[in-house]
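Visitor: I am new to this structure and would like to learn how its descriptions are reached. Could you show it to me and take my questions one by one?

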Amino acid sequence: MWSRLTVVGIFVLGFTGSVAAADPLPRAEIDKRVVAIIYDAETLGVQLWKLEKYEDCMRVYQATLMTLYPILDHRPKLVTKIKDGLARTKEMSTADAAFAFRSLLDETSNACNGTTMPLWIRLAGGKPDSKLVNADLVNGLFIQEFVAAAKADPNVKFLRDGKNKFDPIRIGTFQKDLDHLLSTLTGGKKYNLSEMKKSYAGLKITDTEFDILSGHLIEVLKKYKVNPDNIDELMTIVRAGRKEILALGNPSLWDRLGGDSVVTAVAKDFLTAAAADKKVNLDRNGKYPLTPEQSARLTKLLVEFISSATGGPLKYTGPDVKKAFQEMNITEAEFNAASGDLIAGLKKHNVPPAAVDEFVGLVNRTRKDIVEKK
């Protein structure tokens with residue numbers, strides 16, 4: 001009997017482990033797997049009950065609920081209900097607890113099974129056979145109301161102290177962009193959001209404004225009688241993007257340098273210039289020849305290092321900087337010459353002066369770890 005229980009445990013834990021180890025799964029995919037797990041657990045539970053293994057049945061249901069609720073954080077009300085249910089059964093008989101757990105499993109399965117319909121449709125009050133175009137029309141209406149509420153709220157500073165000139169055409173474009181963003185995030189039509197991100201890079205939304213805007217969105221959704229569970233699901237998505245939204249007005253140094261394409265070009269140009277610059281002595285008098293393979297490797301590591309130091313997406317995978325330059329006897333003059341070649345590369349690729357100055361400041365912080373001789 002325990003071998004069968006172990007199979008369920010491994011199955012459930014294996015699922016949760018895969019979620020933690022890999023990139024986060026879409027909520028609909030998590031719900032789909034939860035439904036499948038519950039089906040298998042209930043199938044086994046019924047078999048155990050028929051064999052009068054009541055406690056084993058109860059434990060299977062209990063273990064399934066205890067393992068699943070931590071990965072249902074996108075359904076906070078359901079998680080609360082499961083936790084409360086688990087707590088209430090402590091004083092129950094084995095049979096009563098089994099029935100209570102089975103009821104919770106059924107409710108969880110029914111709730112998760114509903115996400116086979118995209119949130120985009122559910123926000124519009126759609127049915128499983130609804131067409132996306134109908135949801136586009138309904139959701140477009142509440143987006144208009146949300147924008148109107150935000151524009152009218154002095155605490156939001158929608159016009160950014162006069163810097164944003166929102167004429168009717170601009171308002172229409174803004175509403176369309178929000179519609180595309182929401183549709184993409186909630187299972188509607190997919191749109192390329194890269195250009196939209198660039199166009200709103202100067203918004204500088206504050207934490208307080210983000211919270212106020214979230215409140216307006218919730219109120220509009222309630223006015224349109226959107227299901228509270230669907231509102232919670234949407235706001236979980238919105239809040240998950242808080243950091244990225246707030247960063248629109250405060251781009252990282254990595255972004256201000258130009259991102260991957262510009263930094264990679266700068267790194268390649270720098271290595272070429274440094275290799276030819278006798279004042280840098282990049283190959284240390286021939287001890288470290290710059291082969292094509294070595295050049296490619298150094299370019300990759302340099303880009304990663306710059307990314308990790310400037311808020312970019314790439315992690316540095318190379319050796320510790322101080323150890324890497326140990327015993328290379330790099331002088332102050334050589335460090336300064338290399339810095340000059342790097343600055344020239346940044347200017348060549350039209351990196352803004354303020355970003356160049358900030359980056360040079362970061363480079364100078366590495367001086368103590370690289371220079372060994374005055």
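Visitor: What makes the residues of the lining of the largest cavity nonpolar, polar or charged?

Guide: The lining of the largest cavity consists of L257, V262, V263, V266, I306, L346 and F359, and it divides into seven nonpolar, no polar and no charged residues. This is a predicted model, in which local features need pLDDT of at least 70 and side-chain atom pairs count only at pLDDT 80 or more, while totals for chains, interfaces and linings use all residues. Residues are numbered from 1 along each chain as its sequence is written, and side-chain values use heavy atoms, with hydrogens and water left out.

Visitor: Why is this space called a cavity, and what is its volume?

Guide: On a 1 Å grid over the protein atoms alone, a cavity is a set of points where a 1.4 Å probe fits but cannot get out, and lining residues have an atom within 4 Å of a point. A volume is the space filled by probe spheres set on the points, and for the largest cavity that comes to about 50 Å³.

Visitor: Which residues line the second largest cavity?

Guide: They are S339, L342, I343, F359, V360, V363 and N364, which divide into five nonpolar, two polar and no charged.

Visitor: Why are α2 and α3 called roughly antiparallel?

Guide: Angles run from 0 to 180 degrees between N-to-C directions, with axes fitted to C-alpha atoms over the stretch in contact, and those over 145 degrees count as roughly antiparallel. Helix α2 (residues 27-50) and helix α3 (residues 54-68) pack at about 170°, with their axes 8 Å apart, and α2 and α3 are therefore roughly antiparallel to each other. By class, their contact (heavy atoms within 4.5 Å) has 13 nonpolar, two polar and two charged residues.

Visitor: How do you know that the pair of F305 and Y316 is edge-to-face?

Guide: Rings of Phe, Tyr and Trp (its six-membered ring) pair if their centres lie within 6.5 Å, and planes under 30 degrees apart count as stacked, over 60 as edge-to-face and the rest as tilted. The count by this rule is three aromatic pairs. For F305 and Y316 the centres are 5.3 Å apart and the planes stand at 80°, so this pair is edge-to-face.

Notes: 1 Å grid on protein atoms, 1.4 Å probe; cavity = no way out; pocket = protein on both sides within 12 Å on 5 of 7 lines; lining within 4 Å. Nonpolar A, V, L, I, M, F, W, Y, C, P; charged D, E, K, R; others polar. Helix = DSSP H or I, 4+ residues; strand = E, 2+ residues; numbered from the N terminus. Parallel < 35°, antiparallel > 145°, perpendicular 65-115°, else oblique.
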